[in-house]
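Hi everyone, thanks for coming.

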Amino acid sequence: MLRELKTFIAVARHGTFAAAGLRVGLTQSAVSAQMRVLEQGLGVRLFDRSGRSAVLSAAGRHALPLAEQILGLYARMAAPTALAEWRGELKIGAIASVQTGLLPEALVRFRSQAAQVELKLVPGVSLDLLGQVDAGELDLAVLIRPPFELPKELLQIELVREPFVLIAPPDLPGDDPLQLLREQPFVRYDRRSFGGRQVERFLREQRLTPNEALELDELEAIVRMVECGLGVSLIPRAGLWCQRPSALRVLELGELGFHRQLVAILRRAQRQPALEWLLQCLRRENDN
């Protein structure tokens with residue numbers, strides 16, 4: 001029954017029997033046969049089949065997280081109890097500022113106790129990384145807290161809050177952030193990103209319509225644009241620019257301040273000692 005559960009999860013994630021077959025190394029007809037066996041054994045219909053698509057039924061949506069838990073528990077039966085004995089691969093997703101900020105020292109600490117685990121770092125923006133965790137392509141991702149409710153299969157663990165600040169060229173006079181936003185060209189943190197949405201909400205709340213000079217998602221690139229005099233920007237206090245001398249004026253927002261929350265996202269069924277240790281390392285780095 002374990003192989004049928006594995007195939008069921010693949011169909012649920014990839015949407016068709018053909019795509020699931022490519023993922024698990026079976027023909028489409030073999031996948032269909034396995035799903036018939038599973039449905040007969042459970043006595044429920046797991047999919048609402050429409051054309052080539054296989055959409056989870058209500059019973060299928062109920063069964064999916066349970067199937068993941070069963071396979072997770074089975075895998076843990078043979079897992080070593082000591083971290084030093086753990087082997088295998090962990091795929092970790094991280095946004096750019098996390099790769100150069102929170103993550104490096106946390107991974108050094110992780111490797112000190114779990115040296116046999118191979119780590120693979122996957123870069124990306126928050127929304128893409130969230131989708132990869134949901135699809136089972138990543139074991140864990142560190143990203144900006146999504147501004148919407150997550151599926152119940154996903155676990156969200158808060159790590160660190162990063163306040164937004166206004167950055168300006170060094171020779172630009174004025175200490176009022178709102179006045180600078182009204183008067184100066186604006187280098188916008190991409191509004192399609194989770195952090196950029198927070199900036200957009202702040203501007204609406206303050207009834208500001210800045211004169212936009214450029215819009216981009218990479219924080220280090222935004223910092224460099226402002227250093228060169230392109231305009232002012234609202235970004236979180238995060239990334240390499242916080243750790244090196246920079247040709248910037250940094251203005252706190254005071255009572256108007258807001259922040260972004262970094263979180264770790266993983267599938268509830270995937271929790272296992274190596275991932276638990278990684279989460280401990282991330283939390284310790286945050287505490288430091």
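Let me start with a question: is Glu68 buried or exposed? Glu68 is buried, since its relative accessible area is 6%; buried means under 20% relative accessible area, exposed means over 50%, and partly exposed is in between, with a 1.4 Å probe and protein chains only.

A quick word on where this comes from. This is a predicted model, so local features need pLDDT of at least 70 and side-chain atom pairs count only at pLDDT 80 or more, while totals for chains, interfaces and linings use all residues. Residues are numbered from 1 along each chain as its sequence is written, and side-chain values use heavy atoms, with hydrogens and water left out.

Okay, back to Glu68. Its side chain meets that of Arg13 in a salt bridge, at 3.1 Å, N to O. By salt bridge I mean a side-chain nitrogen of Lys or Arg within 4 Å of a carboxyl oxygen of Asp or Glu. Arg13 sits in helix α1 (residues 2-14) and Glu68 in helix α4 (residues 58-77), so this pair ties together parts 55 residues apart in sequence. Helices here are DSSP runs (H or I, at least four residues), strands are too (E, at least two), and both are numbered from the N terminus. Arg13 itself is partly exposed, at 32% relative accessibility.

Glu68 has another partner: its side chain also forms a salt bridge with Arg267, at 2.3 Å, N to O. Arg267 is in strand β11 (residues 259-267), so here the parts tied together are 199 residues apart in sequence. And Arg267 counts as buried, because its relative accessibility is 3%.

Over the whole structure, the search finds 15 salt bridges. One of them pairs Glu200 with Arg188, at 2.7 Å, N to O. Glu200 lies in helix α9 (residues 194-205) and Arg188 in strand β7 (residues 185-189), so that pair links parts 12 residues apart in sequence. Both Glu200 and Arg188 are buried. Through shared partners, salt bridges join Arg188, Arg191, Glu200, Arg204, Glu212 and Glu215 into one network.

Last stop, the second largest pocket. A pocket is an open set of points on a 1 Å grid over the protein atoms alone, where a 1.4 Å probe fits, with protein on both sides within 12 Å along at least five of seven lines; lining residues have an atom within 4 Å of a point. This one is lined by 20 residues, and Gly124, Val125, Ser126, Ser193 and Asp217 lie nearest its centre. Helix α5 gives the most to that lining, with three residues.
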